[in-house]
Structures are given as structure tokens and as C-alpha cells.
Amino acid sequence: MAKKNTHYVVWDGLKPGIYNSWEECQLQIKGYPNAKFKGFPNLISAKRAFEMGYEAYKNLSAEQGALLNTTENTPKPIYPSLAVDAAWNTATLEMEYQGVDCKTGKQIFHQGPFPDATNNIGEFLAIVHGLAYLKKIGSDIPIYTDSMTAISWVRAKQARTKLQPTNKNQKLFELIQRAENWLKENTWKNPLLKWETKYWGEIPADFGRK
């Protein structure tokens, strides 16, 4: 028996968003050229699909899509996947970031600490590092982060930070420039997903310093 859709995502239409009925969805896509939309069995899966964007959702495998579209109130994380996170020391103003196997917690990469940095920059660099690493090994698994800010920066292909360059963070700004250049020169199929801390606890790449 087919699952009944309760919510509809409009990625590209008159007014992109999440709608509670097919009738509301139709108002946003009728007559709109190349509209991009889809129905989902629950609000949580609809929110996750809308946040990741149409292209990332389109690139999910059948198994990954099934996990995303589960009718459970708390969808499970998609495995295999990579989790990334950053930590910022309020005392030293130093930042570091890492990427780990989402299921096993095995560290895949680690960078830092970097002086005169911010947590948002670390989250941004961690995602780009993860994308570059996965492209190098030929993997299109998802990347989880708990930062929607970092995801938006990656989609914009620009670190929209207000941090100012100093003598101490010169290396950091060189990394930011390299990351932005990589995003502009490369394509990827890895979905960038929001880690649902409310349901799953801290992201596996968390540094455990809260």
C-alpha cells in the first residue's frame, strides 16, 4: 500500500516552502515552468528534504531516500555518512574541526587549532574538507552537520564571515580562500544534511566540550 503524503515541498515555484496539502502545493506550481516539488509522508522528512535542496535530494540513493521518507516521527540517520563539527575555545579564541564516520565515530580528518577564528568558519571548512575528501575517494555518501549557517555558506560558495584578518589568523584566511575556490571549481553529489540533535543527541563529530 502506498504511503499517504501529508506534506509537500516546493523547491522551485511561486513561493518555495512546505505545504500541508496538495491543493496548497498546486497553487505554487501551476503554470510555473520547470517547477520542482514532491510529497512526503511526514513533516520531519519534508523539512529535511527542503533544507538539503532539490539537487541534493535528487542525488539520494533509493535506500537513503527510504530512510529520509520514513513515516516514523523521528527518522533515523542515513548510513554510511560522514559527520563534521567544529569547536571554538572561548578562552583562547582557537578553533578546530574534524570529520568522523557517522556510525563508528572513527576520525577521518582533523585540523587545527587555529587562532583568532570562529565556530561558523570551522563548520564551513569542515564541510568543504569533507566534500573534497569524499570526492577524492569517489564516495557520494551524505555529510551531516548541525550548522545550517555553514550549509548556507557552502551553497553560496562563500564564507560570509564578519571576522577580520589579523597577523594570527593569516593561515585561516588562506584556508577559507582555498575552500571557496574549491567550491567554485568543483561539483559534488553528496547531500548536505542537518543533524537532528533533538532526536539523535550530539552529532558524532562533536568534541564533547559542552
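Biologist: Where does Asp 146 lie, in a helix, a strand or a loop?

Modeller: In this predicted model, Asp 146 belongs to the loop that runs between strand 7 (143–145) and helix 6 (148–156).

Biologist: What makes Asp 146 partly exposed?

Modeller: Its relative accessible area is 22%. Buried requires under 20% and exposed over 50%, so Asp 146 falls in between and counts as partly exposed.

Biologist: Which residues does the UniProt annotation "binding site" cover?

Modeller: According to the UniProt record, an unreviewed entry, the annotation covers Glu 123 and Asp 146. They are spread over 24 residues of sequence, yet they cluster in space, with a largest C-alpha distance of 8.6 Å.

Biologist: Why is Glu 123 called buried?

Modeller: Glu 123, found in helix 5 (residues 119–136), has a relative accessibility of 3%. The limit for buried is under 20%, so Glu 123 is classed as buried.

Biologist: Which residues are in contact with Glu 123, and which with Asp 146, leaving aside neighbours within four places in sequence?

Modeller: For Glu 123 they are Val 84, Asp 85, Ala 86, Thr 145, Asp 146, Ser 147 and Ala 150. For Asp 146 they are Asp 85, Glu 123, Lys 194, Trp 195, Thr 197 and Ile 203.

Biologist: How do you know that the buried residues of helix 1 lie on the same side?

Modeller: The buried residues of helix 1 (residues 22–29) are Cys 25, Gln 28 and Ile 29. They cover an arc of only 90° around the axis, and therefore they share one side of helix 1. On the other side, Glu 23 and Leu 27 are exposed. The cover over the buried residues includes strand 1 (7–12), strand 2 (17–19) and strand 3 (36–40).

Biologist: What makes the aromatic pair of Tyr 8 and Trp 22 tilted?

Modeller: The count comes to 13 aromatic pairs. In the pair of Tyr 8 and Trp 22, the centres are 5.6 Å apart and the planes are at 50°. Stacked needs under 30 degrees and edge-to-face over 60, so this pair is tilted. Tyr 8 lies in strand 1 and Trp 22 in helix 1, so the pair ties together parts 14 residues apart in sequence. Tyr 8 is buried at 12% relative accessible area, whereas Trp 22 is partly exposed at 34%.

Biologist: Why is the pair of Trp 11 and Phe 40 called edge-to-face?

Modeller: The ring centres of Trp 11 and Phe 40 are 6.3 Å apart, and their planes are at 80°. Pairing asks for centres within 6.5 Å, and edge-to-face for planes over 60 degrees apart, so the pair is edge-to-face. Trp 11 in strand 1 and Phe 40 in strand 3 are 29 residues apart, and both are buried. Ring pairs link Trp 11, Phe 40, Tyr 54 and Tyr 57 into a cluster.

Biologist: Which ring does the charged end of Lys 36 sit over?

Modeller: The charged end of Lys 36 sits over the ring of Tyr 54, 5.6 Å from its centre. Lys 38 lies over the face of Phe 40, at 5.5 Å from the ring centre.

Biologist: What makes Ser 81 buried?

Modeller: Ser 81 lies in the loop between helix 4 (62–68) and strand 4 (82–88). Its relative accessible area is 3%; the limit is under 20%, so Ser 81 is buried. A polar atom of its side chain lies 2.7 Å from the backbone oxygen of Ile 78.

Terms used: Residues are numbered from 1 along each chain as its sequence is written. This is a predicted model: local features need pLDDT of at least 70, side-chain atom pairs count only at pLDDT 80 or more; totals for chains, interfaces and linings use all residues. Side-chain values use heavy atoms; hydrogens and water are left out. Buried means under 20% relative accessible area, exposed over 50%, partly exposed in between (1.4 Å probe, protein chains only). Helices (H or I, at least four residues) and strands (E, at least two) are DSSP runs, numbered from the N terminus. The arc is that of the directions from the helix axis to the C-beta atoms. Contact means heavy atoms within 4.5 Å. Rings of Phe, Tyr and Trp (its six-membered ring) pair if their centres lie within 6.5 Å; planes under 30 degrees apart count as stacked, over 60 as edge-to-face and the rest as tilted. A charge sits over a ring if NZ of Lys or CZ of Arg is within 6 Å of the ring centre and within 35 degrees of the ring normal. A polar contact is a pair of N or O atoms within 3.5 Å; within protein, one must be able to donate a hydrogen and the other to accept it, and residues adjacent in sequence count only if both atoms are side-chain atoms. UniProt positions are given in the numbering used here, feature names are shortened, and annotations may be inferred rather than shown by experiment.
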